[in-house]
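Please open the model in your viewer with the sequence panel beside it, and follow the selections below in order.

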Amino acid sequence: MGKVTYSPGIEYVNGALAKPKKKDGHKCGDYLIGTHRTAETQNPECTRLYIRKQDAYERTTPVTAKEQAQREKFGAIAAAVTARRKDLSKIAADTEAFLAQRETGKKTMRAYLWSLEKQAYEDAHNG
């Protein structure tokens with residue numbers, strides 16, 4: 001993966017760096033998007049550049065049953081993690097359990113909660 005190095009004095013960029021131009025009622029060109037991640041993670045490279053083509057992506061094949069099941073699983077786990085992070089009755093216990101396993105297990109609280117909710121989802125749907 002390539003690295004982005006900025007000139008001295010520029011810490012990072014974030015947002016659309018180049019937008020498509022409007023011409024005769026429609027847009028021409030591509031987006032150049034820069035992102036800067038501020039969350040604490042294991043990856044020290046936290047700036048990325050993306051080019052988003054202006055042409056709309058149109059899928060040529062239908063969504064398979066497997067893809068739909070994966071989407072539903074991801075959505076259910078994401079909703080469960082969000083709810084668990086806001087549940088005051090579980091915050092203290094989750095924090096304590098996370099800190100106990102942090103050195104040998106998941107390095108972030110979100111990853112830890114995802115592992116718990118993924119296991120709960122799989123137990124409920126495969127067991």
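**Starting at helix 2**

The buried residues of helix 2 pack against helix 1 and helix 3, where contact means heavy atoms within 4.5 Å and buried means under 20% relative accessible area, with exposed over 50% and partly exposed in between (1.4 Å probe, protein chains only). Helices (H or I, at least four residues) and strands (E, at least two) are DSSP runs, numbered from the N terminus. This is a predicted model, in which local features need pLDDT of at least 70 and side-chain atom pairs count only at pLDDT 80 or more, while totals for chains, interfaces and linings use all residues. Residues are numbered from 1 along each chain as its sequence is written, and side-chain values use heavy atoms, with hydrogens and water left out.

Select residues 88–101, which make up helix 2, and show the side chains of Asp94, Phe98 and Gln101, the buried residues of this helix. Now centre on Gln101, which is buried at a relative accessible area of 17%. Not counting residues up to four places away in sequence, Gln101 touches Lys106 and Tyr112.

**The whole chain**

Zoom out and colour by secondary structure: the chain has three helices and five strands, and read along the sequence they follow the pattern β-β-β-β-β-α-α-α. Then colour by pLDDT, the predictor's confidence in each residue, from 0 to 100. The chain averages a pLDDT of 82, and 79% of the residues score at least 70. Among the elements of the chain, helix 1 has the highest mean pLDDT (95), whereas strand 3 (residues 26–28) has the lowest (60).

A surface display gives the next view: the chain exposes about 10400 Å², of which carbon and sulfur atoms supply 53%, with areas computed by the Shrake-Rupley method with a 1.4 Å probe. Of the 127 residues of the chain, 13% count as buried. Among the contacts in the chain with a separation of 6 or more, residues 24 or more positions apart account for 31%.

Select residues 65–86 for helix 1. Helix 1 has 22 residues and reaches 32 Å from its first C-alpha to its last, close to the 32 Å expected at 1.5 Å a residue. An α-helix has 3.6 residues a turn, so residues three or four places apart point the same way.

**Across to helix 3**

Next select Glu117, which lies in helix 3 and counts as buried at 13% relative accessibility. Leaving aside its neighbours within four places in sequence, Glu117 is in contact with Ile77, Ala80, Val81 and Arg84. Also in helix 3 is Glu122, which counts as partly exposed at 23% relative accessibility. Draw a C-alpha to C-alpha distance from Glu122 to Lys73: these residues are 49 apart in sequence and 9.0 Å apart in space.

**The aromatic pairs**

How many aromatic pairs does a search of the whole structure find? The search finds two, where rings of Phe, Tyr and Trp (its six-membered ring) pair if their centres lie within 6.5 Å, and planes under 30 degrees apart count as stacked, over 60 as edge-to-face and the rest as tilted. Select Phe74 and Trp114: their ring centres are 5.3 Å apart and their planes lie at 40°, so the pair is tilted. This pair links distant parts of the chain, with Phe74 in helix 1 and Trp114 in helix 3 (residues 109–126), 40 residues apart. Phe74 counts as exposed at 52% relative accessibility, and Trp114 is partly exposed, with a relative accessible area of 25%.

Finish with Phe98 and Tyr112, an aromatic pair that is also tilted, at 5.9 Å centre to centre and 50° between the planes. Phe98 in helix 2 and Tyr112 in helix 3 are 14 residues apart, and both Phe98 and Tyr112 are buried.

Terms used. The expected span of a helix is 1.5 Å times one less than its number of residues.
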